Amino acid sequence: MIQLFHVSKYYDRRPALSDINLQIEKGEFVLLMGPSGAGKTTLLKLLFGAERPDDGQILVQNRNVARLRPSDIPYLRRTMGIVFQDFRLLPKKNVFENVALPLMVQGASTFETRRKVAEALKAVGIDHKKDHRPATLSAGEQQRVCIARAIVNSPIILLADEPTGNLDPHLASEIIESFKVINARGTTIMVATHNPQVMAQANRRVLMLEQGKLIADPKAGL
Amino acid sequence: MRRLAYLVKEAMTNIRLNRTTTLVAVASTAFTLACFGVFLLLYLNLRGVVSSLQDDIKVVVYLHDGLSAQGLSDLQQRLRSEREVAALSYVSKEQALADFREQFPSESHLLQGLGENPLPASFVVTLSPRFRSSEAVKQWVKRLTTVPGVGQVQYSRDWIENLATLVGFIELGAIAVGGILSAASVTIIASTIRLTLYARQNEIEILRMVGATGAFIKVPFLLEGAVLGAVGGLLSLAILRGGFDLFKLQLGPTGRFLGIESWLNFFPGHVSLWIIMAGLALGFTGSLVSLIQFGRASS
Ligand SMILES: Nc1ncnc2c1ncn2[C@@H]1O[C@H](COP(=O)(O)OP(=O)(O)O)[C@@H](O)[C@H]1O
Ligand SMILES: [Mg+2]
């Protein structure tokens, strides 16, 4: 599903990632851990084509992301859901419209959009707030809207960057539970976090990054 | 459908987002096109006058007195076969004299003392439309004077030629003014769009993350530019129409007396449409420019 071969990424000649080798199977739930600045966000960005590696190859669903043309990147992203720490919701659109965005940019029909948005909102338990603007929601609710938007298109892969970063432990645990449910339906999930609570609760394969190096991966015997 | 509605709505949001700069952009486009339009009006109207005058260009070929009947008919044959000649009419010496007497009755005594009729016979040639340019006429007339039996050749060229030159200058002026002002208005529209682009940078980023194509993201901004431009074009037409009517009013009875009024015409419908389209194109180009710059800056 996701494969990295000798991947390196530099910012101003300083390595943010160096020589990463990694393999993630379909349906896995993987945690990407490590202190701030370890390169977690950078790794996720490489996976959805927001950055390009300076070295190595990246295969996502057998597509070579490192070689993808810019015009193909939108189509890669349509197979993925992305959850951000800072939610990134459109402030002037209501919850329904925000969640519908990935469908809308693909030109989905009104009928299909209604059905899928309702489903996604229900999956994260926020369907009663569909007419609200993001600003009127709590942080936990906003994060759930963000997750609904990420799963509305039935993505093959869900990438989440510090999804609990702005949440208290109770809300964080709710979010982890949602991910587990989504994963149980077959979506491959990769969550980047430096929150040990997430690690303890998720109880899944953990990849450890430190200063851009992969220092622990049970599958690779690290 | 939903997607189209979204794109149009976004464009409208863009326009509302910074009203002042939008107004400036529309006004500058209107100004550009109005300036260009003044030249265009002048040009089209004068060109109309020139071509109606050129229709009247007649070349008078005077004949030597001693020409025999056979020589005359040969010459007539020959002239008829020239590509430049559309129509030909013969004016005999007697006819010329009669015409002269009729046109200048008080001067006819001048001819009295001369005994013999001093006026030459002539052919009056109407030129075919293809050869009405002054250069072509000049060439042909030069050639004609060397034909045996032909005396002087006369045609009313100078002031038509001057007018044609003037029209040429106006054409150049229109192109120059149009070019410079268009560049200015593209720049102004581009900076207007740039403002919206930066104001909406976060939204653009979000659209990218959820898999929107570049085209999808760009459409609202291109639409915004095109709408601004087209509204500017419309406004310029209003300005021009106002100015045109005012000018006609100023001309008043004098204009009517001189018959100028009937020559003055506003743009025909299709030219008006072209002006609006030009505004639209300017606006579109403006947003394209800013999108390209923005794309470079954000990647
Ligand atoms: N756009 C960037 N420009 C320059 N340096 C960057 C950029 N993004 C990340 N970095 C650097 O790369 C390293 C890894 O960053 P990041 O992937 O954000 O770490 P994490 O998400 O694990 O906190 C850090 O040293 C960071 O300063
Ligand atoms: Mg990070």
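**Briefing on a predicted two-chain model with a ligand**

Just after helix α8 of chain B, Gly211(B) takes a positive phi of about 95 degrees. This is a predicted model, in which local features need pLDDT of at least 70 and side-chain atom pairs count only at pLDDT 80 or more, while totals for chains, interfaces and linings use all residues. Residues are numbered from 1 along each chain as its sequence is written, and chains are lettered from A and ligands numbered from 1 in the order in which they are written.

**Chain B**

- Chain B has eleven helices and four strands; helices (H or I, at least four residues) and strands (E, at least two) are DSSP runs, numbered from the N terminus.
- Of its 299 residues, 28% count as buried; a residue is buried if 20 or more other C-beta atoms, placed from the backbone, lie within 10 Å of its own.
- In helix α8 (residues 201-209) of chain B, the buried residues are Ile206(B), Leu207(B), Arg208(B) and Met209(B).
- Among contacts in chain B with a separation of 6 or more, 88% join residues 24 or more positions apart; two residues are in contact if their C-beta atoms, placed from the backbone, lie within 7 Å.

**Where the chains meet**

- The contact takes 16 residues from chain A and 13 residues from chain B.
- On the side of chain A that touches chain B, the elements giving two or more residues are α2 (73-77), α3 (95-104) and α4 (110-123) of chain A.
- The most comes from α3(A), with three residues.
- This side of chain A divides into seven nonpolar, five polar and four charged residues; Ala, Val, Leu, Ile, Met, Phe, Trp, Tyr, Cys and Pro count as nonpolar, Asp, Glu, Lys and Arg as charged, and the others, Gly among them, as polar.

**Packing of α3(A) and α5(A)**

- Two packed helices are described by the angle between their axes and the distance between the axes.
- For α3(A) and helix α5 (residues 139-151) of chain A, the angle is about 30 degrees and the axes are 7 Å apart; axes are lines fitted to C-alpha atoms, for helices over the stretch in contact, and angles run from 0 to 180 degrees between N-to-C directions.
- From α3(A), Val95(A), Asn98(A), Val99(A), Leu101(A) and Pro102(A) meet Val145(A), Ala148(A) and Arg149(A) of α5(A).
- By class, this contact has six nonpolar, one polar and one charged residues.

- The residues around ligand 1 include Tyr11(A), Asp12(A), Gly34(A) and Lys40(A); a residue is near a molecule if its C-beta atom, placed from the backbone, lies within 6 Å of it.
- Helix α1 (residues 40-47) of chain A supplies the largest share of this shell, three residues.

Note on methods:
A residue is buried if 20 or more other C-beta atoms lie within 10 Å of its own, exposed if 12 or fewer, and partly exposed in between; C-beta atoms are placed from the backbone.
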